[in-house]
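The structure is shown first.

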Amino acid sequence: ASASVAAVMPVLWPNLPAAMVDYNNHLARMFVLARDGTAQAHPYYQVTWSLVPNLAMDLIVPGMGRYIGVEMANRLFYLLSQILIVTGAMALERAVKGRLQIAGFVALIFLYSTPFTFGFENFEFGLGCALWGFACAVWLQDRPWLVRFAAHTAFIVLLFAAHMFALGIYGFAVGVHELWRAWSRRASMTETFARFLALAIPSLLLAVFMAAADGSVGGSGNMWAFGTKATWILHILSGYDMVVSEIGVLALVWLIVALARRHALQFEQSGMWLLAGFSALYLAMPFRLFDTAFVDMRVVVALALIMPAFVSVSFPDAIWRRIAIALVAAITIINVGAVTIVWLSYREDFAAARKSFELLPKGAIVMTAQTGDGGDPPSDLRDYPMFNVPTLAVHYADAFSPHLFTVPGKQPVTPRAPWRRLEFPEQGFLPVKVLKYVAEHGAPAGTPPFVQNWTRDFDYLYLIGPSIPNPMPDRLEFVLAAPRFALYRVRK
């Protein structure tokens, strides 16, 4: 219990900025949703609900926010997601082994893994629910089919509403486990077909209903990046510091290898099948699926949270037990410490951002660019969370931002018709040198529409990244600066 409290301390720390990459962009959308249907409805954005498999926080946070404040509701939602991750891993281990052993400790290690520190809130919530769903599937695997069917259907509906990829992980894990059961029990083809049909029916019905309701699943852009598969594994533990992640991963690998050589590790039930299945899935999964990035990386985290439930550890002696506990505690403390240091470093930037929102006139149209070379993510991951902070101007200044998440099929918020031409698809943040070139020479072929006349269309420009001199003194008027950003007014 004390380890769990220590692990979530950054979230519980009052007034500590939640410096995660997508977190503040999601928070801005929550404000828009909370204001919908009131006299304070947003002037630039409208709410368009549809059957979208990515709505966990959109359904929960705005309603809570009307009573306790949107910022507090969003932070509690993130805390709930963390609790679901840890307890879900422990529940799965209890279902498989009949006891608790290592899953909770491993979950704490991965509590600030890259997908979670990048602020993929709906995915984290959904993955926690998926772990609980898999645990229920194991608990009920020998119960009557109607009981299993009812529980499975409930989790399918819950996970569909939460996040599509979490639903996919749940379905894949349960499917592999059922394959192992059919093989190990030498079940007849009839029994195997019946069990898989019971698993498939809820998903098929949901797909038919979604098609009839004209639902959608994100965009259509897919991209594979096989060259990053090995590096993702090394960099999965920390979304802020690659060195911290590499040290933690290598330490875990050393511990696993050392215990395996001493015959201290043993697979339980479908453990070997799940390891092989998720490894193959990771290799086959694209980096970007339905215009959602870092998809293959999420498979690694899911595997890390599932596998401890299916591996029993018998320490050779008390010394090895102490070594394992000390190593796991050290990795967790270092990772949480790295998170806390980064979040503390953002206090001045967040205070300056709030000040900048007060300086914006109500209804300003603001753009965000970066002083770097356009890398997404940037070379220093500690600066990555700043990229989405300016989207909070959407709430605090009733501003329009082309970077607010408003992708059809993923979010229920869209720009109102007159401003849809200024939308920017999720393709990173442009370097300011591109804006400068367009301003001086005109827009070359292929320039995104919202950039082509940016000096006319936008009122203010946030420049994210290391401080540089005013890049266009004749077109930009300096307003305010902080360590990680500067605000300029666009001269008309």
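## Charge

The protein carries 37 positive and 32 negative side chains. The centres of these two sets are 5 Å apart. The coordinates come from a predicted model.

## Overall fold and dimensions

The secondary structure consists of 21 helices and eight strands. With a radius of gyration of 24 Å, against the 23 Å that the globule rule gives for 492 residues, the protein is as compact as a globular protein of that length. Along the principal axes, the C-alpha atoms fill a box of roughly 75 × 55 × 45 Å.

Considering contacts between residues at least 6 apart in sequence, 77% join residues at least 24 apart.

## Burial and surface

Of the 492 residues, 55% count as buried. The protein exposes about 21200 Å², and carbon and sulfur atoms supply 65% of that area.

## The site of Trp13

Trp13 sits in the loop between helix H2 (9-12) and helix H3 (23-35). Its relative accessibility is 38%; buried means under 20% and exposed over 50%, so Trp13 counts as partly exposed.

Which residues does Trp13 contact, leaving aside its neighbours within four places in sequence? They are Arg75, Thr340 and Leu344. As for Thr455, the C-alpha to C-alpha distance from Trp13 is 41 Å, and the two residues are 442 residues apart in sequence.

Notes
Residues are numbered from 1 along each chain as its sequence is written. This is a predicted model: local features need pLDDT of at least 70, side-chain atom pairs count only at pLDDT 80 or more; totals for chains, interfaces and linings use all residues. Side-chain values use heavy atoms; hydrogens and water are left out. Helices (H or I, at least four residues) and strands (E, at least two) are DSSP runs, numbered from the N terminus. The radius of gyration is taken over C-alpha atoms; the globule rule is 2.2 Å times the number of residues to the power 0.38. Buried means under 20% relative accessible area, exposed over 50%, partly exposed in between (1.4 Å probe, protein chains only). Contact means heavy atoms within 4.5 Å. Accessible areas come from the Shrake-Rupley method with a 1.4 Å probe; for residues, only the protein chains shown count as cover. Lys and Arg count as positive and Asp and Glu as negative; His and the chain ends are not counted. The place of a charge is taken as NZ of Lys, CZ of Arg, CG of Asp or CD of Glu.
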